[in-house]
Amino acid sequence: MFAHEVLAPAGSDAGPIATLWWVFLAISIVVYVLVLGALCLAIRRARTRRDFSSGTMAVTDARSGRIVAAAMAVTVLTLTGMLITELVLGRGVLDERLPAGDAVRIQLTAQQFWWQAEYQDASPQARFTTANELVVPVGRPIELLLRSQDVIHSFWVPALSGKKDLIPGIDNTLRFSVREAGNYEGQCAEFCGYQHANMRIIVTAVGPDEYQDWTARQRAVAAAPGTDHLQRGQWVFERSSCALCHRVRGTGAQGTVGPDLTHFGSRRRIAASALRNTPATLSAWITNPQGLKPGARMPATVLPAEDLRALVAWLGSLQ
Ligand code: CUA
């Protein structure tokens with residue numbers, strides 16, 4: 001369901017990177033076979049040659065010198081060829097001048113251990129914030145403005161682009177476009193602490209109409225609870241420690257330390273994609289986050305069973 005494959009490129013940057021990998025693999029196989037062949041030949045000749053008279057040695061030395069010189073020339077040519085291939089393909093990735101006017105700009109801020117995504121827009125009302133799951137339109141340039149809140153992280157969605165570091169105090173930019181609709185999974189690629197391996201991200205590429213619908217839904221504030229049960233869930237959220245860290249637009253919860261949960265119910269995974277978004281995993285995550293993701297910044301929230309059920313139902317209703 002989630003493509004996590006560097007050799008099945010679906011993004012503008014990933015194509016040249018995959019090509020480079022295949023070219024280097026082919027060259028390496030040829031070199032490996034030639035070196036092993038030469039080694040076998042040398043062993044065979046050393047075994048069969050028994051004549052070490054001085055005249056023969058002089059002839060052999062001269063011939064060996066020529067063979068070594070030729071091998072060195074081939075090595076230098078091969079390495080130069082590989083260097084040029086890498087520079088040309090690397091330049092293709094770096095120099096990619098995607099038309100900037102039409103770009104979808106997302107400020108992606110890495111935190112221990114999750115991703116905050118702020119979709120930019122010229123008009124402030126059209127901006128919105130989400131976390132860990134990006135939705136982007138197929139074909140349009142995507143510009144990620146990469147920042148880190150704490151330590152060095154690295155954004156890497158293998159099927160779409162190369163890696164780019166997120167460094168505290170330094171703004172980085174990554175541009176690419178997605179060629180095919182689909183779900184692409186990524187991974188923080190720079191060791192950033194205890195839960196580095198569970199700092200994942202999902203990029204979903206959709207058609208332009210679906211993207212418009214999604215952004216319209218994301219801009220909206222949270223839906224008002226339709227039942228007493230859901231109302232109780234919102235009440236629990238606003239009055240517990242949840243609201244100190246999380247924001248749900250349209251409610252009293254305005255925390256900014258953790259992920260924005262305004263449309264939490266529409267996300268497929270929780271805890272930076274470490275767990276599936278189901279009522280059971282969410283209940284476990286709220287009551288014992290350290291048991292599921294040791295080292296995560298999320299504190300445990302212990303609630304009466306009925307309050308927890310209402311809270312989980314309300315979070316799930318935030319589509
Ligand atoms: Cu963030 Cu590794």
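Asparagine 132 sits in the loop between E3 and strand E4 (133-137), with helices (H or I, at least four residues) and strands (E, at least two) taken as DSSP runs and numbered from the N terminus. Although asparagine 132 is not a glycine, it has a positive phi of about 65°. Phenylalanine 113, in the loop between E1 and E2, is joined to glutamine 112 by a cis peptide bond, with omega at about 0°. For background, most residues other than glycine have a negative phi, and most peptide bonds are trans.

A word on the model: it is predicted, so local features need pLDDT of at least 70 and side-chain atom pairs count only at pLDDT 80 or more, while totals for chains, interfaces and linings use all residues. Residues are numbered from 1 along each chain as its sequence is written, and side-chain values use heavy atoms, with hydrogens and water left out.

The protein chain splits into domain 1 (1-212) and domain 2 (228-316), with bounds from an automatic or database domain assignment. Their centres, taken over C-alpha atoms, are 36 Å apart. At the interface, 21 residues of domain 1 are in contact (heavy atoms within 4.5 Å) with 17 residues of domain 2.

Together the domains bury about 1,700 Å², 45% of it on carbon and sulfur atoms; buried area here is the accessible area (1.4 Å probe) that two parts lose on being put together, summed over both. On the domain 1 side, Trp114, Glu133 and Gln195 supply 27% of the area buried against domain 2, more than any other three residues.

## Salt bridges

Ten salt bridges turn up in the structure, each one a side-chain nitrogen of Lys or Arg within 4 Å of a carboxyl oxygen of Asp or Glu. Two are counted between domain 1 and domain 2. Glutamate 133 pairs with arginine 268, the closest N and O atoms being 3.6 Å apart.

Arginine 105 and glutamate 143 also form a salt bridge, and here the closest N and O atoms are 2.6 Å apart. That pair links distant parts of the chain, with arginine 105 in strand E1 and glutamate 143 in strand E5 (residues 141-148), 38 residues apart.

## The largest pocket

The largest pocket has a volume of about 870 Å³. On a 1 Å grid over the protein atoms alone, a pocket is an open set of points where a 1.4 Å probe fits, with protein on both sides within 12 Å along at least five of seven lines; lining residues have an atom within 4 Å of a point. Grid points are joined across faces, edges and corners, and the volume is the space filled by probe spheres set on the points. Of the 44 lining residues, Trp114, His246, Val257, Gly258 and Pro259 are the closest to the centre of the largest pocket.

Where does the largest pocket lie? Domain 1 and domain 2 both give residues to its lining, so it lies between them. Elements giving two or more lining residues include strand E1 (104-111), helix H5 (242-245) and helix H8 (305-317).

## Around serine 283

Serine 283 is found in helix H6. Arginine 309 is 26 residues away from serine 283 in sequence and 7.8 Å away in space, C-alpha to C-alpha. Leaving aside neighbours within four places in sequence, serine 283 is in contact with Leu308 and Val312.
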